[in-house]
Amino acid sequence: MPVQKETRAGQRTRFKAFVAIGDYNGHIGLGVKCSKDVVTAIRGVIIMAKLSVVPVRRGYWGNKIGKPHTVSCKVTGKCGSVLVRLIPGPRGTGIVSAPVPKKLLQMAGIEDCYTAASGSTGTLGNFAKATYAAIAKTYAYLTPDLWTETVFNNSPYQEHSDFLMKNHRPVGTQRQEAKAY
């Protein structure tokens, strides 16, 4: 898309390119590049998109039957004034979204998802970046299935209590006063 800046000599036109790459199986990348000519912008944006590939965490809606098909939990991404919220959807729903997030979610390998967007979603760049940010956040949320197994050690008191019970003699017990009649 052409972007113009007003200068004293007139307008300076630059070309801004957006490229999304994905393997349709859990990885997505988004690149943005602005340059004086189209070819340089496209060449640079492809490199940027390849460098920004992130994994996408997919999950289930309801029962864990078959392969993961939706986002694992509700996630939100923001860029500029655009706020995009991805909500898990039941199997067979499809992607309920505007065309820009729909394409990104398809490339990420998400089959069923609801979206809610607010702000100036007509700004294509911010809409795409907000969706990408939401998709990238899917691995940021730590759910119980990602918790590591915790091994609890006994405290020293618990560890040595048997030994102390056998060998310890109370030392400073209080003496009762003898009653004087």
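**View 1. Helix 3 lies across strand 2, strand 3 and strand 4.** The model is predicted. Helix 3 runs at about 150 degrees to strand 3. The helix covers residues 124–136. At 1.5 Å a residue, its 13 residues should span 18 Å, and the end C-alpha atoms are 18 Å apart, so the two values agree. Buried positions of helix 3 include Gly125, Phe127, Ala128 and Ala130. Thr131, Tyr132, Ala134 and Ile135 are also buried.

**View 2. Four strands make an open sheet in the order 1-2-3-4.** The pairing is antiparallel. Strand 1 (2–7) stands at one edge and strand 4 (54–55) at the other. Each has a single partner strand, so one side of each is left without a neighbour in the sheet.

**View 3. Helix 1 packs on the sheet.** Helix 1 spans residues 38–51. This helix touches strand 2 and strand 3. The direction of helix 1 makes about 150 degrees with that of strand 3.

**View 4. Strand 2 and strand 3 form a hairpin.** Val19 stands opposite Gly31 of strand 3. Four residues lie between the two strands. In the turn, Tyr24 has a positive phi of about 60 degrees.

**View 5. Strand 3 pairs with strand 4.** The sense is antiparallel. Two bridges make up the pairing. His27 has Pro55 in strand 4 as its bridge partner.

**View 6. His69 is a buried loop residue.** The loop that holds His69 runs between strand 5 (58–59) and strand 6 (70–71). The relative accessible area of His69 is 1%, which is why the residue counts as buried: the cut-off is under 20%.

**View 7. The side chain of His69 meets that of Asp112 in a polar contact.** The distance is 2.8 Å. Asp112 is also among the residues in contact with His69 once neighbours within four places in sequence are left aside. Glu111 and Ile110 are on that list too.

Definitions and conventions:
Residues are numbered from 1 along each chain as its sequence is written. This is a predicted model: local features need pLDDT of at least 70, side-chain atom pairs count only at pLDDT 80 or more; totals for chains, interfaces and linings use all residues. Side-chain values use heavy atoms; hydrogens and water are left out. The expected span of a helix is 1.5 Å times one less than its number of residues. Buried means under 20% relative accessible area, exposed over 50%, partly exposed in between (1.4 Å probe, protein chains only). A polar contact is a pair of N or O atoms within 3.5 Å; within protein, one must be able to donate a hydrogen and the other to accept it, and residues adjacent in sequence count only if both atoms are side-chain atoms. Contact means heavy atoms within 4.5 Å. Two strands pair if DSSP finds at least two bridges between them. Axes are lines fitted to C-alpha atoms, for helices over the stretch in contact, and angles run from 0 to 180 degrees between N-to-C directions.
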